[in-house]
Every structure is written in C-alpha cells, then in structure tokens.
Amino acid sequence: IGDRIIEKREDQVFYMLRGQLDYNKDFEKHHISAILGTEISSNLVTSTTTDQFGYNSESNIFLPIDKRMLSQPLDGVYNPGGYTLSGIRFYDNFTEIENRFFSAYGNFHYSFLEKYNLTGSARIDQSNLFATDPKYRYQPLWSLGVKWRLGQENFLKEKVDKLDLRFSYGVNGNTANKYGPFDIAHNVTPSY
C-alpha cells in the first residue's frame with residue numbers, strides 16, 4: 001500500500017587555485033613572451049540514495065519491508081519463457097568520490113622580425129588516481145614548433161596575402177579518470 005520513492009541527495013565541493021607569471025618583452029628585432037604557472041584543484045562528491053516502498057506523501061512516512069527477501073528471484077511463479085523472474089531491484093547506496101589534481105606548465109614564444117617564430121610548451125599533471133602505472137602518471141606533455149611567415153618575405157609580399165610554413169612536434173594527452181588499470185571494490189548482494 002502506498003507509493004515507491006527513490007530519493008538521491010548529492011553534495012559537491014570544488015576548489016581551484018591557480019598562479020601564473022607572464023613575461024612579454026620587445027627588443028629591436030626580437031619579441032619574447034613566456035608564461036609559467038601551476039594549478040591545484042579538488043572535487044569531492046558525496047551522495048546518498050534511498051529507495052522506499054509504501055510511501056505516503058501526506059504523512060511523509062513509508063512502510064518497513066524486507067528488501068533482501070524482495071530482491072530474491074521469484075521462485076514458483078509461472079513464467080512461459082522458462083526462466084526465473086528476478087526480484088525487485090533496490091537503489092540504496094552511498095557514494096564518495098574525490099579527485100585531486102596538481103599541474104605545472106610553461107609556454108614560450110620567440111619571434112625574429114615577426115617572420116621567424118619558435119614556440120614551446122611543457123606541462124606535467126599529478127592526481128590521486130589510485131593504481132595508475134607511474135610511467136604514465138609522471139609523463140610530461142610537451143611540444144616544440146617553428147613557423148616561417150613566407151608571406152612577409154620581400155620576394156612574396158606583393159604576390160601572396162598570407163602564406164605560413166609551420167612544423168610542430170610533441171606529446172599531448174589528458175587524464176582519463178573513469179578508465180584505466182584501477183583497483184575497484186564493489187559490494188554485491190548475491191541473487192541466490
């Protein structure tokens with residue numbers, strides 16, 4: 001008698017702290033710009049889900065039931081398909097997930113006559129992800145690049161609006177915190 005109510009309450013606390021230094025300088029034929037920084041962040045999610053039967057919205061109460069018994073397969077119930085009907089699935093659970101990250105990064109750009117450019121960047125990220133192989137956890141991400149602005153050269157300036165020749169090489173990636181070689185513990189109530 002009554003309704004079924006499934007209620008989930010979730011709290012999330014997030015913070016991020018970032019510090020960065022910038023440098024920008026023009027010389028006669030040269031331009032240099034660079035940044036150096038660090039970032040720290042944390043995200044904590046806690047949630048509670050309750051699943052109740054016999055709920056009365058006017059009195060805001062529910063009936064006590066034996067969830068373990070009701071979640072068992074329904075033996076003795078006629079089923080023309082021949083397989084055993086499963087019991088009621090309940091959604092009671094508690095969850096706590098915390099992800100913490102630390103990053104350090106740098107980037108530079110050098111230009112000569114605004115035609116010849118050299119760039120570089122590097123970044124390293126750390127996190128509290130459990131059981132990830134350290135050879136991947138401490139992998140720095142980096143790139144180097146060059147650019148020649150051919151359209152600014154005197155021999156092409158009047159013939160071409162814009163023509164750049166670029167080359168870059170590096171290693172890039174991101175953190176896959178939902179996939180990977182993680183140890184996972186999960187509590188399951190057996191069907192039988």
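Which side chain meets R18 in a salt bridge? In this predicted model, the partner of R18 is E39, with N and O 3.6 Å apart. R18 belongs to strand β1, and E39 belongs to strand β2 (residues 30-55). The pair therefore ties together parts that are 21 residues apart in sequence. E39 has a relative accessible area of 16%. That value is under 20%, so E39 counts as buried.

The overall fold comes next. The protein contains 2 helices and 6 strands. Along the sequence, these elements follow the pattern β-β-α-β-β-α-β-β. Strands of a sheet pair through backbone hydrogen bonds, in either a parallel or an antiparallel manner.

Two of the strand pairings can be followed in detail. Strand β3 (residues 93-112) pairs with strand β4 (residues 116-127) over 12 bridges, in the antiparallel sense. Within this pairing, F102 stands opposite Q126 of β4. Y105 likewise faces a residue of β4, namely R123. The hairpin of β3 and β4 has 3 residues between the strands. There, L113 takes a positive phi near 60°. Strand β4 also pairs with β5, again in the antiparallel sense, over 8 bridges. In that pairing, G120 has L144 of β5 as its bridge partner.

Together with F108, L118, W142, V146, F167 and Y169, L144 makes a nonpolar surface patch of about 690 Å². Which strand gives the largest share of this patch? Strand β5 does, with 3 residues. Both β5 (141-148) and β6 supply at least two residues of the patch. F108, another member of the patch, is placed in strand β3. Its relative accessible area is 33%, so F108 counts as partly exposed.

Salt bridges were searched for across the whole structure, and 10 were found. One of them joins D92 and K67, whose closest N and O atoms are 2.5 Å apart. K67 is in helix α1, while D92 is in the loop between α1 (67-70) and β3. This pair therefore ties together parts that are 25 residues apart in sequence. Are the two partners buried or partly exposed? D92 is partly exposed, at 35% relative accessibility. K67 is also partly exposed, at 21%.

A further salt bridge joins the side chains of K147 and D164, at 4.0 Å from N to O. K147 lies in strand β5, and D164 lies in the loop between β5 and β6. The two residues are 17 apart, and the pair links distant parts of the chain. K147 is partly exposed, with a relative accessibility of 24%. D164 is partly exposed too, at 22%. Through salt bridges that share partners, K147, D164 and R166 are joined into one network.

K67 takes part in another set of contacts, those of Q52. Q52 is found in strand β2. Its relative accessibility is 15%, so Q52 counts as buried. What does Q52 touch, leaving out residues up to four places away in sequence? The partners are D3, R4, I5, F62 and K67.

Two figures describe the protein as a whole. Of its 192 residues, 17% count as buried. Contacts between residues at least 6 apart in sequence were also examined. Of these, 61% join residues at least 24 apart.

Key. Residues are numbered from 1 along each chain as its sequence is written. This is a predicted model: local features need pLDDT of at least 70, side-chain atom pairs count only at pLDDT 80 or more; totals for chains, interfaces and linings use all residues. Side-chain values use heavy atoms; hydrogens and water are left out. Two strands pair if DSSP finds at least two bridges between them. Helices (H or I, at least four residues) and strands (E, at least two) are DSSP runs, numbered from the N terminus. Patches are made of residues with over 30% relative accessible area and no salt bridge: like charges are joined within 9 Å, nonpolar side chains (Val, Leu, Ile, Met, Phe, Trp, Tyr) within 5 Å. Accessible areas come from the Shrake-Rupley method with a 1.4 Å probe; for residues, only the protein chains shown count as cover. Buried means under 20% relative accessible area, exposed over 50%, partly exposed in between (1.4 Å probe, protein chains only). Contact means heavy atoms within 4.5 Å.
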